[in-house]
Amino acid sequence: MSERGILWRIVAGQILLLVLFLGTVEVVVQKGIVGRLYLSAPTQVVQELVKLLQQSETFRNLYVTLLEFTLGFGLSVVLGFGIGLFLVLVSRAEQFFNPFLSALMAIPKVTIVPLLTLWLGIGLVHKVAVVFLFCIFPIIYNTVAGIKQTSENYLKVARVFEATSYQTVTKVILPSAVPSIFAGLRVSAGSGLIGALFGEMLASKEGLGNMLVQSTSLYDTARVFALITVVTVVSILIIAFINLLEKKVFLRWKSS
Amino acid sequence: MAGFSIRHVSKVYGGAVPTVALEDIDLTIHDGEFLCILGPSGCGKSTLLEMLAGLQLPTSGEIVYGDKILQGPDRRLGVVFQDPSLYPWRTVFENVELGLEIRGVKKADRKNTVQKYLTMVGLDGFEHKYPHQLSGGMKQRAGLARALANRPDVLLMDEPFGAVDHLTRLQLQNDLLNIWEAEKKTVVFVTHDVNEAVFLGDRVVLLSPRPGKLKQIFNISHQRPRERGDAGLLKIQNDIYAAIYENKKQAEPEYHL
């Protein structure tokens, strides 16, 4: 069979599997085999989703979550990148700070979140701090790795042309570290969103995580599934945005 | 007059067991000549070239360029690397203008120079391509243009055609000779290819390996343009092979496992 034919079969199979799965859930819930408290029929979830999208409350909470994420993520990009640069470019800095960084990285971040609540309250600052905590380490790590991977030969070229240290950093080291830095950004974006939601679920007055907890405690299971859908789409969009940025702005040289 | 005077240069790499890469090299490189440094891998020929470029310093001895002892990279010394090491995030044009850009030459003033050398190496029309879109030979051409655009007096070339296919290599050799004649630069060309060395060089310096020592210098006074397969050139080629072979018999008994 042709490659194209095989591809079509795979796609058809995938659709079939999805329809079967959703259909089974629908039937199982509609027939009352599993109670509506535990599971929701896909059609209910869709209805709930439509309802959610008609309420301004949803968008207000979405805005809150995105704001927390953006501030926390932005802060970690700037600081993580700066710290990463500092560690590699200042001689011996990495050697000195490495044990501390490793120890900090090893702490499961979720365990700090309640403490942060104690210190910072349950508002925006708390969430930004949580997102920051979830994001910063992969960014530092990947910045350091990317810079260190700069090919010895690229640096030789710069030396032959008698580039200053500043020129070597801006014209050679940073551009060659871009792919690794973006890999770090993608990882952190995912965990940053988790941080924002987790912080909201633990202690908050607003945000999508807050809505999720409320719906769960009201046993509004369909609404919970609808919210999960919204959050998933947001997560996908964030990663897609970072990919687009990488491709359009920073990696023109690899795109074609 | 600019030229190199290499005086009793040795290079030892440290570490638990120090390795002598080059031992007591004494050599004068004349202004405007095309000098080939020939030797098997491990003879320290790339080390010697990097020292001429100021990228490494001798452990003992000194290299004088012009009238000064070489202490580091110098604007008058251009390098073409074996792996062309073009920056993949820059277009061909941007790669070639790198040296001028680093020196702070204004963008408008860079354009003509860059274009001139792109034309000279035969890369017209490829200005806006990225390195990954070029063939191996074209990458080397871009590497050559990048060195030339900085207007050096000397071109130091480290096995620049080592990684391209044979026919492309012959073409690159011819083009390099044309450029050399047009630009009147001193060229120091490192290679492990006897045929290439003899076809290109005014002189061929043969190094013997472990530690790298100057074995013999061959003068090639044949007129240019030279014919490939010229009987006189073949004769020198055979002499070089003989010198290498004798060397092997003495210094490097084959071990069989």
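How many residues of chain B are in contact with chain A? In this predicted model, 16 residues of chain B meet 12 residues of chain A. Helix 3 of chain B, residues 98-102, supplies the largest share of the chain B side, with 3 residues. By class, the side of chain B that touches chain A holds 11 nonpolar, 3 polar and 2 charged residues.

One residue of chain B gives a local view of the contact between the chains. Pro73(B) sits in the loop between strand 5 (68-69) and strand 6 (77-80) of chain B. Is Pro73(B) buried or partly exposed? Pro73(B) counts as partly exposed, because it has 18 C-beta neighbours inside 10 Å and a buried residue needs 20 or more. Thr168(B) is another point of reference. Pro73(B) and Thr168(B) are 95 residues apart in sequence, and their C-alpha atoms are 31 Å apart in space.

Now take chain A. The domain assignment divides chain A into domain 1 (1-39) and domain 2 (40-255). Taken over C-alpha atoms, the centres of domain 1 and domain 2 of chain A are separated by 33 Å. Their contact takes 9 residues from domain 1 of chain A and 6 residues from domain 2 of chain A. The domain 1 side of this contact has 6 nonpolar, 1 polar and 2 charged residues.

Residues 7-29 of chain A are 100% helix and 0% strand, with end C-alpha atoms 33 Å apart. Residues 128-147 of chain A are likewise 100% helix and 0% strand. The end C-alpha atoms of residues 128-147 lie 28 Å apart. The unreviewed UniProt entry also places "domain: ABC transmembrane type-1" at residues 62-246 of chain A. In the model, residues 62-246 of chain A are 85% helix and 0% strand. The end C-alpha atoms of that span are 25 Å apart.

Next, a helix pair in chain A. Two packed helices are described by the angle between their axes and the distance between the axes. Helix 3 of chain A and helix 8 (residues 165-202) of chain A have axes that come within 9 Å and cross at roughly 145°. The crossing of helix 3 and helix 8 of chain A is right-handed. Helix 3 of chain A contributes residues including Phe69(A), Gly72(A), Phe73(A) and Ser76(A) to the contact. Among the partners from helix 8 of chain A are Leu185(A), Ala189(A), Gly192(A) and Ala196(A). The residues of this contact divide into 10 nonpolar, 6 polar and 2 charged.

Helix 3 of chain A, residues 56-89, also holds Phe59(A). Why does Phe59(A) count as exposed? Phe59(A) has 11 other C-beta atoms within 10 Å, and a residue with 12 or fewer is therefore exposed. Phe59(A) and Asn98(A) are 39 residues apart along the chain, and 42 Å separate their C-alpha atoms.

The unreviewed UniProt entry places "domain: ABC transporter" at residues 4-234 of chain B. That span is 32% helix and 27% strand, and its end C-alpha atoms lie 29 Å apart.

The backbone of chain B has some points to inspect. Most residues other than glycine have a negative phi, and most peptide bonds are trans. The bond joining Arg210(B) and Pro211(B) is cis, with omega about -10°. Pro211(B) is in the loop between strand 9 (203-208) and strand 10 (213-219) of chain B. A cis bond also runs from Arg224(B) to Pro225(B), with omega near -5°. Pro225(B) is in the loop between strand 10 and helix 8 (231-251) of chain B.

Positive phi values come next. Arg151(B) is not a glycine, yet its phi is positive, about 55°. Arg151(B) lies in the loop between helix 5 (136-149) and strand 7 (154-158) of chain B. With 16 other C-beta atoms within 10 Å, Arg151(B) is partly exposed. Lys184(B), also not a glycine, has a positive phi of about 50°. Lys184(B) is in the loop between helix 6 (166-183) and strand 8 (186-191) of chain B. Lys184(B) counts as exposed, because it has 9 C-beta neighbours inside 10 Å.

Technical notes:
Residues numbered from 1 in each chain as written. Chains lettered and ligands numbered in written order. Predicted model: local features only at pLDDT ≥ 70, side-chain atom pairs only at ≥ 80, totals over all residues. Contact = placed C-beta atoms within 7 Å. Helix = DSSP H or I, 4+ residues; strand = E, 2+ residues; numbered from the N terminus. Nonpolar A, V, L, I, M, F, W, Y, C, P; charged D, E, K, R; others polar. Axes fitted to C-alpha atoms, helices over the stretch in contact; angles between N-to-C directions. Left-handed = near helix turned anticlockwise from the far one by under 90°. UniProt positions renumbered as here; feature names shortened; annotations may be inferred. Domains from an automatic or database assignment.
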